[in-house]
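Dear colleague,

Please find below the structure that I am handing over to you. A summary of the findings follows it.

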Amino acid sequence: MSDLTSIVKETSENGTDLSPDDIGSIEEMPEDTILSQQTSVNLVPFIGQRFVSQDAAYEFYCSFAKQCGFSIRRHRTRGKDGVGRGITRRDFTCHRGGYPQLKPSDDGKLQRNRKSSRCGCQAYMRIVKRADFDVPEWRITGFSNIHNHELLKSNEVQLLPAFCTMSADDKSRICMFAKAGMSVRQMLRLMELEKGVKLGCLAFTELDVRNLLQSFRNVDRDNDAIELLQLCKDKKDKDPNFKYDFKIDANNRLEHIAWSYASSVRLYEAFGDTVIFDTTHRLDAYDMLLGIWIGVDNHGMNCFFGCVFLQDENMQSFSWALKTFLGFMNGKAPQTILTDQNMWLKETLAIEMPNTKHAFCIWHIIAKFSDWFSALLGSQYDKWKAEFHRLYELYSVEDFEVGWRKMVDIYGLLGNRHIVSLYALRSFWALPFLRSSFFAGMTSTFQSESVTAYIQRFLSAQSQIDNFVEQVATIVDSKDQTGAKLKMQQKVQKVSLKTGSPIESHAATVLTPYAFCKLQEELLSAPKYASLMFDENYFIVRHHTEIDGGCKVLWIPHDEFISCSCHEFEFSGILCRHVLRVLSINNCFHIPDQYLPARWRELSSSMTRPFQVLTSREHGGKIQLLQSMVSTLIAESMETEQRLDVSCDQISMVLSRIKEFPGPAHGANDISYNSPSDSLVLPEVEDSDSMIQSFNVGNPHHSITLGKLKERRQRDGVDIYRKRRRCSVPCCGQFGHDATDCPMIGGDDLNGDGLGFL
């Protein structure tokens, strides 16, 4: 083999070279190294290799390191989890990389220089986050396997602390074996046979298993359960809005328990339309299933709804959990719910929440692809995965069915049990079957890492069941305060407008920064699409590179109704690029109110509407004072959870009193509101010069020459629109008359200046 080192430079997502720190190298090792003796070609990392997550890459590199005779550790990262794009790069290094550092003690004296195994080893593997097909993946961009120390033998490497670990599945199986009365040696031998490893080659030793079983015995389940119930009772006495429920089995032991906080109930009332119910984790020490209900708010941040411990994983347990959760939330069921592929839970949801659309979390499915298809497809695995994601993102069910059959034939997957199972359950995970239901963007694989990180914070608190409730409450309060500060920062930051479109500027004043960014992405993509008019209200919108196909858009301007066959608005609550393209080419400068849902608006803007003109300065002053007080109230209330509770309670009382007063009478002194949809369409102009002349300062009542507007008429029993007159007075804009006979300028006391002509 050559002793030369091949240097591979990674490039950033936009194609530019990265810094020298991002340069990776692959070293060719001599033939007599442990690598060439003990590893196969499939286990050697290579530039461009893909992983679904950081953990998958870590496990792969761990396997490689174990075969070679060393262990690894996590090293440097780029980015921060939960901030911006999150972590975008991760380095794994040999456990002997770097050098030990002496840290001074508090009294200024140096600490005792303990022996360290670090010797500056340069072996490493670097992964960088990419996003192809709207799916985040981690790719190897740097790798070096040069060590400056001796590598361990196979019987020595397993004694390294990094490899003496038990997975969650191993712990669960050991717990089950202990229930069955098996000895420790029987457990080890059975697991060796299951894993197909040699005698004594498990990742853990007999001592590790005995220590685990002893930790289970040290748990006082009965006493901890009593303390947990007492803690919930005390919390209920302090906070009447705290909700919990439990069930005792025939042996008078705790079987199930669920709880939810006051803040969670309020969040669910506003954002409980779509929910994730995660049941993929267990409390091994207590042998109980942990279920967590999670949602997403109008700023795209995860919010906690509730938690449950279940003794058994069956339909009866899930039925109790779902009924209890609905009781906490005053009987309000979510519109949609996402779970893992648990068949018991699937059947229970169909019974307890028959009107709720149930779907599977796609990231739980994709995480299994490497085990299912990587070895089967070999070099075709990446192409197959890209084709799967293309089918997953399709709009049409018919296109999905045709594409799926072609994919199965091309890759020879006919009869594969995983493919058969995926196809049988396609209505629970494939987007063409789900787009007609609202999921608030939670089906995206981008959301998976955020949800997983959120759940991991709760899992780190499960040391003892009796204080789990308090620890989760602390995490939820901390998350709420952090989220409130981030939301305030988003409000303070100036929104960046990129298209100059009136639609964009209008949406920026109504939507939250999170929702506006989603809409802005669609606006930026809209000009790439061609719009073909097939009828007065019917359009075909397709990408400029396509010659057939496309999405069907129906637009009835006078009814302010618009829909698209891609169902993106129904799916995410954000108008799609196809609709925005049709609106832009038809002189529409505002999005109708119903297509800027309250779900994605700022709370203040969804509760109040902007005022346009007041007939009294006194009213205007009071309104400005009220708006100022509301802004101050929100800013002050977001500081602590206690302030929020007091504010919500007091505002509810004030609103109840206000509703007792009679509404305003319709008359000259009514307060008028400015609804963006009032000026939805700019009519076609036949003579641009006449429009310019009509805004002459000296002649404010000069008529405007406009194209004929459409008015409704019957054709073959179907209502369509004929062109009719529309008033050009800026404060009117109604149909059926023009500026010469507008009722708003008919009074003698109103002149051009009073109407706003300048």
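The protein chain contains 25 helices and 20 strands, taken as DSSP runs numbered from the N terminus (helices: H or I, at least four residues; strands: E, at least two). Please note that this is a predicted model, in which local features need pLDDT of at least 70 and side-chain atom pairs count only at pLDDT 80 or more, while totals for chains, interfaces and linings use all residues. Residues are numbered from 1 along each chain as its sequence is written, and side-chain values use heavy atoms, with hydrogens and water left out.

Of the 758 residues in the protein chain, 42% are buried (under 20% relative accessible area, 1.4 Å probe, protein chains only).

Strand β15 is joined to β16 (residues 538–543) by six bridges, and Ser 531 has Val 541 of β16 as its bridge partner.

On the surface, Leu 633, Ile 651, Val 654, Leu 655 and Ile 658 form a nonpolar patch (residues with over 30% relative accessible area and no salt bridge, nonpolar side chains joined within 5 Å). A salt bridge here is a side-chain nitrogen of Lys or Arg within 4 Å of a carboxyl oxygen of Asp or Glu. Together these residues have about 390 Å² of accessible area (Shrake-Rupley method, 1.4 Å probe, only the protein chains shown counting as cover). Helix α24 (residues 641–660) gives the most to the patch, with four residues.

Yours sincerely

Technical notes:
Patch = residues over 30% accessible without salt bridge, like charges linked within 9 Å, V, L, I, M, F, W, Y side chains within 5 Å. Pairing = 2+ DSSP bridges. Buried < 20%, exposed > 50% of the residue type's maximum accessible area, 1.4 Å probe, protein only.
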